[in-house]
Amino acid sequence: MPNAQPSEETIVRDIAVFSGSAHPELAAEICAHLDVPLHPVRVDRFANDCLEIQLQANCRERDVFLVQPLVPPVQENLVELLLMLDAAKGASAARTTVVMSHYAYARSDKKDEPRISIGGRLVADLLTAAGATRVLAMTLHSPQVHGFFSVPVDHLHALSELAAHFRGYDLSNTVVVSPDLGNAKEASAFARRLGIPVAAGAKQRFSDDRVVISDVIGEVEGRDIIVLDDEIARGSTVFELLERLRERGAGKARVACTHGLFADGALERLQAHDDVLEVVCTNTVPLGKEKWIPKLRVLSIAPALAEAMRRIHNGESVSALFH
């Protein structure tokens with residue numbers, strides 16, 4: 001009788017996790033939750049300024065995960081990720097999943113002026129061409145970015161982690177406020193988790209650092225506020241919203257986001273704002289000296305990413321994490 005072939009269930013591919021230069025602390029925390037080693041990556045630079053990448057562990061027929069958010073310097077980290085993907089593909093990895101806790105080019109998701117590029121789609125094509133067979137993302141800027149990828153995308157959010165934090169407060173007189181209507185669906189889902197009402201700003205964006213919120217839709221007078229946004233960079237939207245809320249007689253505010261980029265002194269300005277009690281973000285992007293600012297609370301999304309990676313590896317449902 002011929003030898004029986006092993007069933008699909010008995011074939012277990014090893015997980016190999018590598019981190020680029022963008023956020024090695026997050027990668028190390030993920031590996032601690034998975035109880036697997038974080039394999040080293042050698043990054044060299046030639047005299048002509050070109051990068052050379054070497055994955056310093058065996059990838060052949062292994063389930064490879066590359067942890068690399070696109071954070072400043074974005075272009076450097078993007079090229080590093082593309083070279084890591086190419087190295088994994090050339091090393092005969094069985095599957096290569098990009099673990100991208102922040103996708104910076106997701107903001108370039110539409111052609112709203114003549115002769116501009118849709119960078120979110122272009123970068124998605126580059127990742128696929130370089131060898132990505134799957135993407136694990138966290139809180140993309142808009143839902144349509146998911147469709148830019150021609151490979152499977154598991155799109156997580158941080159609402160569970162943020163809601164768990166805010167449940168520690170008395171929310172009996174609190175309303176969740178989205179800065180704009182585009183984020184209102186996520187804000188509504190967040191408000192349902194907390195069992196409180198939701199409101200939204202009517203926002204127009206004129207440039208990267210100039211926005212106007214003409215009105216706030218919903219009841220905010222005399223109520224405490226949780227401002228929820230996907231990311232805070234310069235903070236132009238948040239500060240504009242805080243002004244409109246003050247004009248409408250709202251109480252104190254807590255500001256929450258998934259991606260705390262905090263460029264151009266935004267966090268210091270939030271720290272100094274009289275109406276802001278607290279700023280809450282997750283560790284999708286690395287924080288430097290900002291992490292020591294008193295009003296800032298940083299929540300970890302490493303357990304969620306680790307569980308999603310485990311499910312991807314074992315062929316289990318990732319969408320079940322949302323229920």
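The exercises below work through helices, a sheet and several single residues of one predicted model.

Residues are numbered from 1 along each chain as its sequence is written, and side-chain values use heavy atoms, with hydrogens and water left out. Since the model is predicted, local features need pLDDT of at least 70 and side-chain atom pairs count only at pLDDT 80 or more, while totals for chains, interfaces and linings use all residues.

**Exercise 1. Helix α1**

Task: Determine which residues of helix α1 are buried, and where they lie around its axis.

Solution. Helices are DSSP runs of H or I with at least four residues, strands are runs of E with at least two, and both are numbered from the N terminus. A residue is called buried under 20% relative accessible area, exposed over 50%, and partly exposed in between, with a 1.4 Å probe and protein chains only.

Step 1. In α1 (residues 24-34), the buried residues are Leu26, Ala27, Ile30, Cys31 and Leu34. Seen down the axis of α1, these buried residues fall within an arc of 135°, so they line one face of the helix; the arc is that of the directions from the helix axis to the C-beta atoms.

Step 2. On the face turned away from that buried side, α1 carries the exposed residues Glu25 and Ala32.

Step 3. The cover over the buried residues of α1 includes β1 (15-19), β2 (38-39), β5 (63-67) and α8 (302-314), where contact means heavy atoms within 4.5 Å.

Step 4. Just after α1 comes Asp35, in the loop between α1 and β2. Asp35 has a positive phi of about 60° although it is not a glycine, and with a relative accessible area of 71% it is exposed.

**Exercise 2. The pair α2 and α3**

Task: Describe how the axes of α2 and α3 cross, and which residues make the contact.

Solution. Axes are lines fitted to C-alpha atoms, for helices over the stretch in contact, and angles run from 0 to 180 degrees between N-to-C directions.

Step 1. The axes of α2 (residues 74-90) and α3 (residues 119-130) come within 8 Å of each other and cross at roughly 25°. That makes α2 roughly parallel to α3, given that angles under 35 degrees count as roughly parallel, over 145 as roughly antiparallel, 65 to 115 as roughly perpendicular and the rest as oblique.

Step 2. From α2 the contact draws on Leu78, Leu81, Leu82, Leu85, Asp86 and Lys89, and from α3 on Val123, Leu126, Leu127, Ala129 and Ala130.

Step 3. Sorted by class, the contact of α2 with α3 has nine nonpolar, no polar and two charged residues. Here Ala, Val, Leu, Ile, Met, Phe, Trp, Tyr, Cys and Pro count as nonpolar, Asp, Glu, Lys and Arg as charged, and the others, Gly among them, as polar.

Step 4. In the loop between β5 and α2 stands Pro73, which is joined to Pro72 by a cis peptide bond with omega of about -5°. In the loop between α2 and β6 stands Ser92, which has a positive phi of about 65° although it is not a glycine.
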